[in-house]
Amino acid sequence: MQILQLLLSGIAQGCIYGLIALGFVLIYKATETVSFAQGDLMMLGAFGAFAGMSLFGMPFWLAAIFAVVAMAAFGVLLELVVIRPILGQPQFSIVMLTIGIAYVARGLITMVPGIGTETHTLAVPYKDQIWKLGELVVNLEQLAIIIATAVLCGLLFAMFRYSKLGIAMQASSQNQLAAYYMGIPVKRLNGLVWGLAAAVAAIAGMLLAPITFVHANMGFIGLKAFPAAVVGGFGSLPGAIVGGLVIGIVESFAGFYLPDGFKDTAPYIVVLLMLMIKPNGLFGEKLRKKV
């Protein structure tokens, strides 16, 4: 029973890692850029939902929709104003720019009087509720994370498989030049991908907030989502979720069975092992270059 409890906790935490890793993979597939701002976009989404509920008196579900839409628009604007002008520059420059975006977002939040420097509770309807299935105790906050992740993955799968927008995004991710010649608006799609990644990050932030509260430093969890993207394979959307589950489960069991400190280092140990055994990740494609 203890193993089942740890497994449930690890799956729930892994779903959060997987959702943030989805943002990494979406942006990388579209622009071959690694965005280290995903964790802080998640933090902004959580603050957006909190602001909708506390400042504007919205119910949770309306505040959640408000936060997702606002973050999607912010992601599109961010790509247009900040990222697009620097595309074509060395990858190191773009990576450093996304790190700078993360610090700026964190700094701007902390400058908001009475909000940015405090820790807040997101009053979700299911907070602190549990179900008992025999001896197994199911926390509804964890169950909500798992269900929401499954639904979101289903919606993303349907979009990429059946919609013209999703098919165009796949074509652009495989070969931007060929997609451009076929009449696909590649620049516009890149903005939509950033918006989609920001919206997914906002959902992850609202799912995580009832467990860790809403605060300016909650975006640091993105540093653990990055190993999830590496483990799953940086070019694979299903791999991002599977990698997140692997990292979450390993972290859960390491925190219980191993001495203090191993919980935080376990994700990076898994990454090192994966890079030695299967450098492309579980679902990564093998890329070869002729010289």
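C153 is partly exposed at 25% relative accessible area, where partly exposed covers the range between buried (under 20%) and exposed (over 50%), with a 1.4 Å probe and protein chains only. The model is a predicted one, so local features need pLDDT of at least 70 and side-chain atom pairs count only at pLDDT 80 or more, while totals for chains, interfaces and linings use all residues. Residues are numbered from 1 along each chain as its sequence is written, and side-chain values use heavy atoms, with hydrogens and water left out.

Back to the cysteines. The structure holds 0 disulfides, a disulfide being a pair of cysteine sulfur atoms within 2.5 Å. For C153, the nearest cysteine sulfur is that of C15, 7.6 Å away, and C153 is in no disulfide. C15 counts as buried, since its relative accessibility is 5%.

Helix 9, residues 222-232, is mostly covered, with 9 of its 11 residues buried. Helices here are DSSP runs of H or I with at least four residues, strands are runs of E with at least two, and both are numbered from the N terminus. Among the buried residues of helix 9 are K224, P227, V230 and V231. The cover over these buried residues includes helix 1 (2-31), helix 2 (38-54), helix 10 and helix 11, counting contact as heavy atoms within 4.5 Å.

A nonpolar patch of about 1100 Å² is built from I3, F256, Y257, L258, F262, I269, L272, L273, L275, M276 and I277. Patch residues have over 30% relative accessible area and no salt bridge; like charges are joined within 9 Å, and nonpolar side chains (Val, Leu, Ile, Met, Phe, Trp, Tyr) within 5 Å. The salt bridge in that rule is a side-chain nitrogen of Lys or Arg within 4 Å of a carboxyl oxygen of Asp or Glu, and the areas come from the Shrake-Rupley method with a 1.4 Å probe, with only the protein chains shown counting as cover for residues. Helix 10 (237-257) and helix 11 (262-277) each supply at least two residues of the patch, and helix 11 gives the largest share, 7 residues.

The ring centres of F256 and Y257 are 4.9 Å apart with planes at 85°, so the pair is edge-to-face. Rings of Phe, Tyr and Trp (its six-membered ring) pair if their centres lie within 6.5 Å; planes under 30 degrees apart count as stacked, over 60 as edge-to-face and the rest as tilted. F256 is partly exposed at 44% relative accessible area, and Y257 is partly exposed at 47%.

The structure holds 11 aromatic pairs. In another of these, the rings of F60 and Y126 have centres 6.4 Å apart and planes at 90°, so this pair is edge-to-face too. The pair links distant parts of the chain, 66 residues apart: F60 sits in helix 3 (residues 60-83), and Y126 in the loop between helix 4 and strand 1. Both F60 and Y126 are buried. Elsewhere, F24, Y28, F36, F226 and F234 form one aromatic cluster.

P125 lies in the loop between helix 4 (91-110) and strand 1 (130-133). P125 is partly exposed at 47% relative accessible area, and touches F60 and W61, leaving out residues up to four places away in sequence.
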